[in-house]
Amino acid sequence: QAIDAYRALHEQSTRLGKIEVQLRALLGLSYVLSWDDQARSVECLDDALRLSASYPDRSVSASTQIACNVRRIWTQGWNTDDARQFSDALAIVREIGDPVSIAQAQMEHCMLMMVSTQYRKALQTTQASYRVLYDHAASHPCFDISRPMWMVRLGVPWAYLSLGELGRSLDEFDHGIRQYHDNGNYFAARTLQVYRGWLLIHTREFETVLELARQFRQAADRPGSDDEARQRAAFLPPQQRVWTILAGLAHAGLGENAAAAARFAEAEQQMEREPIMFDWYWRLLLEWGCADLAIAQGDYDAAQYRARRFLERALATEERTWQALAWETMARASLGEGHLQNAKVQLDAAFSVTEGFETPLADWRLQRTAASLHEARGDMQRMAAAQQRYVELRVRLAGSIPQDAGFGRRLAEPVEG
């Protein structure tokens, strides 16, 4: 229905020569299509970019270019040209825009900063820009605050997660899920549930992830349930795809390798068959999980293949956390085969890409692998130092979670590895 409505709006506005309405229709159509047809979604963005390029109102043109380039990156993956065009358009808005349009543009900027290792700046900008927009909405009832609110509900807990503030991330996710659920926006609530599941992987609550997976599948398969009950509890296919990867990571974390492999294969087939928005990011999780699984099973040919794929995908982004994890995975694959010099070079690369960035979700893993490498090289002094640093970093992450939260106990036990 939404697709038909946006198409009708686009056709009508085209006939009437209402270019601003055409642009809004194309952006809306692109978003709806992004959940099941990546190629057509990008086509709509490209149409909007071409249409806006010659539009005489610089503010409208720049705002459209900002929205389009952000969504192109979120849909297809990081692209230097898209990022540059976004920056050029943002500079125009900052030059000629009013405080509200500037705040809106900066909220869009946060969506790029979140996938380019600028987590703290994204957090601060999201919070500051939202205050401007909220105050404006309070005195202008017709102002649409829904997208800025969504960016806050997603961006703030995601930033806290990426910065290693796991307890604050959990609180923010739970607050957002409750808010959307109570207001009947079950789609938004379930989307936040997916990102919260990624948090649970980092807190190592593997059993919780699998129990939630069981509940979600049960809700989707329950016969005779009314539509509202299904909407409340079940994932849509794009959300289920991501949770399938998270379930694979959870199975792997519990040593259930066959179940993990089955989940990863299921998700990979879906991505190959029907690519959708943000697949490029979730594929990083998938490749990480597959490489880890191959290492755990001692299949080093598969481990090297998957680790190289993981590294190629990570290096195509500006995400230093993922780049570090990919290099570290390569190092573990080499270490498993006894190629100590290769492992050292790869681990040095992992540490190098984190310099000057906050990457706490990767840092403890790098120190753990460093300890293993030093031990294999017979350097017990450096092994002990890396082991101590590994424990400190991991316990610090666990310490960010309040003791009464019921999460993080396994994370606080570094002896498990």
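## Tryptophan 280 and the aromatic pairs

W280 is buried, with a relative accessible area of 12%, where buried means under 20% relative accessible area, exposed means over 50% and partly exposed lies in between, as found with a 1.4 Å probe on protein chains only. Y281 also counts as buried, at 3% relative accessibility. This is a predicted model, in which local features need pLDDT of at least 70 and side-chain atom pairs count only at pLDDT 80 or more, while totals for chains, interfaces and linings use all residues. Residues are numbered from 1 along each chain as its sequence is written, and side-chain values use heavy atoms, with hydrogens and water left out.

A search of the whole structure finds 22 aromatic pairs; rings of Phe, Tyr and Trp (its six-membered ring) pair if their centres lie within 6.5 Å, and planes under 30 degrees apart count as stacked, over 60 as edge-to-face and the rest as tilted. Y31 and W35 form an edge-to-face pair, with 6.2 Å from centre to centre and 85° between the planes. Y31 is partly exposed, with a relative accessible area of 36%, and W35 is partly exposed, with a relative accessible area of 21%. The rings of W280 and Y281 have their centres 5.8 Å apart and their planes at 90°, so this pair is edge-to-face. Ring pairs also link a cluster, whose members include W74, W158, Y195, W280, Y281 and W322.

## Helices α6 and α8

Two packed helices are described by the angle between their axes and the distance between the axes. Helix α6 (residues 99-113) and helix α8 (residues 146-162) pack at an angle of about 30°, with their axes 10 Å apart. Helices (H or I, at least four residues) are DSSP runs numbered from the N terminus, and the axes are lines fitted to C-alpha atoms, for helices over the stretch in contact, with angles running from 0 to 180 degrees between N-to-C directions.

The helices α6 and α8 are therefore roughly parallel to each other, a term for angles under 35 degrees, whereas those over 145 count as roughly antiparallel, 65 to 115 as roughly perpendicular and the rest as oblique. The contact, meaning heavy atoms within 4.5 Å, is made by M107, E108 and M111 of α6 and by R147, P148, M151, V152 and L154 of α8.

## Helices α17 and α19

Helix α17 (residues 320-336) and helix α19 (residues 360-376) pack at an angle of about 20°, with their axes 10 Å apart, and α17 and α19 are therefore roughly parallel to each other. Their contact involves, among others, T321, A324 and L325 of α17 together with L361, A362 and R365 of α19.

## Two buried residues in helices

L311 has its place in helix α16 (residues 300-315), and at 10% relative accessibility L311 counts as buried. Leaving out residues up to four places away in sequence, L311 touches A326, W327 and M330. L311 and S334 are 23 residues apart in sequence and 14 Å apart in space, C-alpha to C-alpha.

V93 lies in helix α5 (residues 80-96) and is buried, with a relative accessible area of 3%. Not counting residues up to four places away in sequence, V93 touches A62, S63, I66, S101, I102 and A105. The C-alpha atoms of V93 and T354, which are 261 residues apart along the chain, are separated by 32 Å.
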